[in-house]
Amino acid sequence: MTTTQAQPPAVPVARRTAARVRHTLGRALATLARSVALFVPVFLVATFVTFALRSLSGLSPARLQLGEQATPEAIARVEAQWGLDRPFLVQYGDWFDGLLHGRLGTSWTNGADISSLIGTGLGVSLSVATFALIIGIVFGFGLGTLAALRRTTWVDRAITGFVTLISVMPAFVVGIVLVAVLAVGLHLFPSAGYMTPQQGLGPWLAHITLPAVALSFDVVADVARQLRGSLVAAYRENYVTGAVVRGLSPRRIFFRHVLRNGLGPALATLGLKFPALVGASVVTEWVFGLQGFGRFANDSAQSGDVPAVQGVLVVSIVLVVVFNLVVNLVLAGVTPASQRGV
């Protein structure tokens with residue numbers, strides 16, 4: 001008579017998995033709630049200060065349209081047409097209501113819809129910035145991880161020297177070199193201009209590759225440095241020593257203990273980098289002949305188009321908050337290895 005050995009029930013494993021999923025989801029929701037609770041007052045204050053810039057600047061559409069020699073009567077007539085003769089809080093209320101409905105106002109210089117103008121430039125800048133961020137993540141994480149795994153060796157020193165070198169290279173200088181070598185010299189990429197994805201995925205990628213590479217150097221350097229430092233610090237922690245004593249493989253120690261603890265600073269760096277890539281690329285856009293968000297912001301500021309500048313500031317605030325919210329949600333899912341079961 002044969003007896004079958006009872007198999008251990010799988011219910012505890014399923015319960016532990018479900019508990020971990022609920023814990024991760026709960027932490028993500030808590031992070032989302034805290035971020036939204038912080039975003040609302042910050043957005044209100046930021047938009048109020050942004051709208052107050054017109055009064056503080058002393059600029060007026062009448063000055064732009066009529067010139068400095070305009071009479072007070074003509075100035076008053078033009079400002080009344082723009083609704084600037086109403087009380088400040090009434091103007092702010094109407095402007096804020098427009099924001100909630102996706103309307104950023106009308107340009108003082110050409111009467112165009114600012115939402116459309118910013119949308120056109122933002123599409124260009126987001127394409128370049130997203131590609132630059134992808135390049136920065138791939139090479140930054142790769143170099144930082146390799147330097148940490150080969151710490152104190154010649155590989156570590158070479159990577160450290162390389163990222164230090166590229167971190168001090170201005171994006172516009174890199175862009176000029178890329179245009180001279182890869183576009184004008186080798187004819188591998190277009191030297192200027194932009195094509196939308198609807199015009200073809202290949203031409204779109206060809207036009208954004210060089211500006212994205214030029215902008216990515218700083219991201220690669222910062223991510224690699226942050227990741228290398230945090231991974232090396234994680235290797236010195238007691239829980240890693242304990243994992244080594246228990247005989248875990250180096251691969252398992254790295255992915256389940258070291259990497260998750262070392263991702264935090266690198267992800268936090270990305271939270272600051274992406275909005276900066278979108279808004280601070282005006283020089284690079286000039287080099288590559290791109291009519292992007294940064295160039296639009298620069299042109300609006302130089303022309304004194306206050307509603308356009310206000311729209312740029314509002315969009316920048318939203319970009320910073322939204323991207324940092326995404327980073328915080330990713331960080332919420334990165335559980336410290338010392339708090340997880342092996």
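1. Helix H5 gives the largest share of the lining of the largest cavity, three residues. Helices here are DSSP runs (H or I, at least four residues), numbered from the N terminus. The model is predicted: local features need pLDDT of at least 70, side-chain atom pairs count only at pLDDT 80 or more, and totals for chains, interfaces and linings use all residues. Residues are numbered from 1 along each chain as its sequence is written, and side-chain values use heavy atoms, without hydrogens and water.

2. The structure holds one cavity of 30 Å³ or more. About 50 Å³ of space lies in the largest cavity. A cavity is a set of points on a 1 Å grid over the protein atoms alone where a 1.4 Å probe fits but cannot get out; lining residues have an atom within 4 Å of a point. The volume is the space filled by probe spheres set on the points, which are joined across faces, edges and corners.

3. The lining includes Ser125, Val128, Pro211, Leu277 and Glu285. Helices H5 (114-149), H8 (201-235) and H11 (282-287) each give two or more residues to this lining. By class, six lining residues are nonpolar, three polar and one charged.

4. On the surface, Phe172, Val173, Ile176, Val177, Val181, Leu186, Leu188 and Val283 form a nonpolar patch, with about 680 Å² of accessible area together. Patch residues have over 30% relative accessible area and no salt bridge; nonpolar side chains are joined within 5 Å. Areas are Shrake-Rupley values with a 1.4 Å probe. A salt bridge is a Lys or Arg side-chain nitrogen within 4 Å of an Asp or Glu carboxyl oxygen.

5. Helix H7 (residues 171-185) supplies five patch residues, the largest share.

Key: Patches are made of residues with over 30% relative accessible area and no salt bridge: like charges are joined within 9 Å, nonpolar side chains (Val, Leu, Ile, Met, Phe, Trp, Tyr) within 5 Å. On a 1 Å grid over the protein atoms alone, a cavity is a set of points where a 1.4 Å probe fits but cannot get out, and a pocket is an open set with protein on both sides within 12 Å along at least five of seven lines; lining residues have an atom within 4 Å of a point. Ala, Val, Leu, Ile, Met, Phe, Trp, Tyr, Cys and Pro count as nonpolar, Asp, Glu, Lys and Arg as charged, and the others, Gly among them, as polar.
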